[in-house]
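Thanks for coming. I will take a few minutes on one model, and you can follow along on the screen.

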Amino acid sequence: MSTTYYSEEHEWITVDGDTGTVGITDYAQEQLGDVVFVDIAKVGEEVAKGDDVGVVESVKAASDIYSPVSGTITEANAALDDAPETVNAEAQGGGWMFKITLSDPGELDGLMDADGYKKFADSL
Amino acid sequence: MSEADLKKTPLHGLHVGLGAKMVPFAGYDMPVQYPAGVKTEHLLTRAKAGLFDVSHMGQVRLAGDDVAGKLEALVPGNLRALKPGAMRYTLFTNEAGGILDDLIVTNAGDSLFVVVNAACKDQDIAHMRDNLDCDIEVLDDRALLALQGPSAESALEAIAPGVAGLSFMTMGNFDILGAECFVTRSGYTGEDGYEISMPEAKAVEIAEALLAREDVAPIGLGARDSLRLEAGLCLYGHDLGPDTTPVEAALEWAIGKRRREEGGFPGADVILKQLAEGAPRRRVGIRPDGRAPARDGTEIVDADGNRLGEITSGSFGPSIEGPVAMGYVATGSSAVGTSVDVVVRGKSMPAKVAALPFVPANYKRG
């Protein structure tokens with residue numbers, strides 16, 4: 001049973017047990033425009049909630065990617081190396097960016113659910 | 001600057017109606033992209049035709065006795081050689097040999113038609129008023145549209161019969177939908193195309209007539225930037241500035257032969273010396289080996305980490321399908337093919353000095 005949470009930095013995290021899969025939201029990919037490069041620099045490293053862990057580049061600009069939770073990043077989505085545009089096409093599916101082993105699942109309580117995030121994004 | 005202070009071009013309402021994302025640019029509220037997005041708009045311009053609103057740029061008419069000779073006091077271009085209907089790219093220079101702006105000067109027959117950058121136009125107009133003894137008319141009641149791409153000729157010919165007869169860097173007067181327009185075969189994308197100066201009251205009607213065609217789409221500033229970068233064309237304020245000379249900027253071709261012999265433009269001593277002896281640094285194309293774009297401000301270093309210079313424009317080139325950039329490097333490292341590193345987010349990434357333009361120009365030469 002997995003649950004998806006959302007951050008104010010426009011990341012989503014789907015959690016199954018102590019493993020989270022993280023990407024950027026559909027709203028975020030729309031704001032960025034055509035994604036041309038994704039680099040998760042901190043694979044294998046322990047990160048704290050809010051740390052920047054990599055970058056997503058669109059034709060227009062570079063934007064940092066933050067981790068919505070603390071933990072150890074175990075994997076980056078290798079499919080994005082050759083097909084970064086997947087982030088635009090399937091931001092909340094095949095365009096996932098990294099997997100993380102959560103060190104403090106309690107942090108999830110500070111994130112939003114889908115309805116909460118929708119209201120947040122609509123208010124921007 | 002608050003949103004309320006931003007100026008609007010005559011096409012502002014059209015952009016908003018088309019769903020453009022508007023951003024502040026040079027004091028104007030301008031479309032950075034439409035719903036199609038930067039990449040699609042870029043590729044569409046290279047495949048068909050893109051319509052750009054460049055009404056924020058400054059349009060000025062200079063008139064009077066020997067006006068070309070007078071303007072030569074401010075620029076290194078050979079303007080006296082311009083025949084009626086011909087146009088040329090040139091530069092306002094300062095006493096140190098730096099570039100104050102780049103501009104296009106057209107011999108309109110009875111006058112010179114000058115187009116300058118939006119961000120520099122107030123300064124340029126003041127510069128001309130202070131230094132030129134001629135009539136200076138700011139054409140702020142005219143809009144400027146660019147139609148660029150392989151379909152531009154057929155699209156414009158349909159409403160402006162005769163424009164197909166213009167060749168690259170020439171101008172003609174045409175009646176378009178009842179409006180008196182100056183049409184030049186020029187642009188900022190590397191593609192064939194036109195720039196059309198028109199009375200602002202007719203701008204929406206003319207733009208809509210062009211956009212009604214299936215082979216013409218509206219293009220925002222985002223794709224304008226990636227198109228001009230692939231075409232190796234400079235953006236003032238990024239690739240050119242008051243501390244950059246025309247020789248450093250690899251724009252020697254814009255310095256007329258007679259002007260090299262006679263001088264007589266601001267900074268001529270510095271610029272002519274660099275023409276003879278070379279400049280310490282040089283504008284070059286840079287192609288990072290990987291996929292990560294090297295943006296404006298990225299440091300360029302040699303294999304030992306010694307600084308060679310920095311990127312002044314960098315993005316992802318949709319037609320190249322890879323990152324492209326321009327920047328300045330020490331002249332000794334400016335040969336095409338030289339291996340360099342670009343330092344992106346603290347990491348050195350391999351790159352090469354590349355020939356400009358990145359995509360071949362598609363101009364219709366006479």
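The centres of domain 1 and domain 2 of chain B, taken over C-alpha atoms, are 31 Å apart. This is a predicted model, in which local features need pLDDT of at least 70, side-chain atom pairs count only at pLDDT 80 or more, and totals for chains, interfaces and linings use all residues. Residues are numbered from 1 along each chain as its sequence is written, and chains are lettered from A and ligands numbered from 1 in the order in which they are written.

In chain B, domain 1 covers 3-52 + 140-230 and domain 2 covers 280-354; such bounds come from an automatic or database domain assignment. Eight residues of domain 1 of chain B contact eight residues of domain 2 of chain B, a contact being two C-beta atoms, placed from the backbone, within 7 Å. On the domain 1 side, helix 2 (38-47) and helix 7 (221-230) of chain B each give at least two residues. Helices (H or I, at least four residues) and strands (E, at least two) are DSSP runs, numbered from the N terminus.

Now the two chains. Chain A puts 10 residues into the contact and chain B puts in 14. On the side of chain A, strand 4 (35-40) and strand 6 (52-58) each supply at least two residues.

Last, confidence. The pLDDT, the predictor's confidence in each residue from 0 to 100, averages 97 for chain B, with 99% of the residues at 70 or above. The model has ipTM 0.82 and pTM 0.93.
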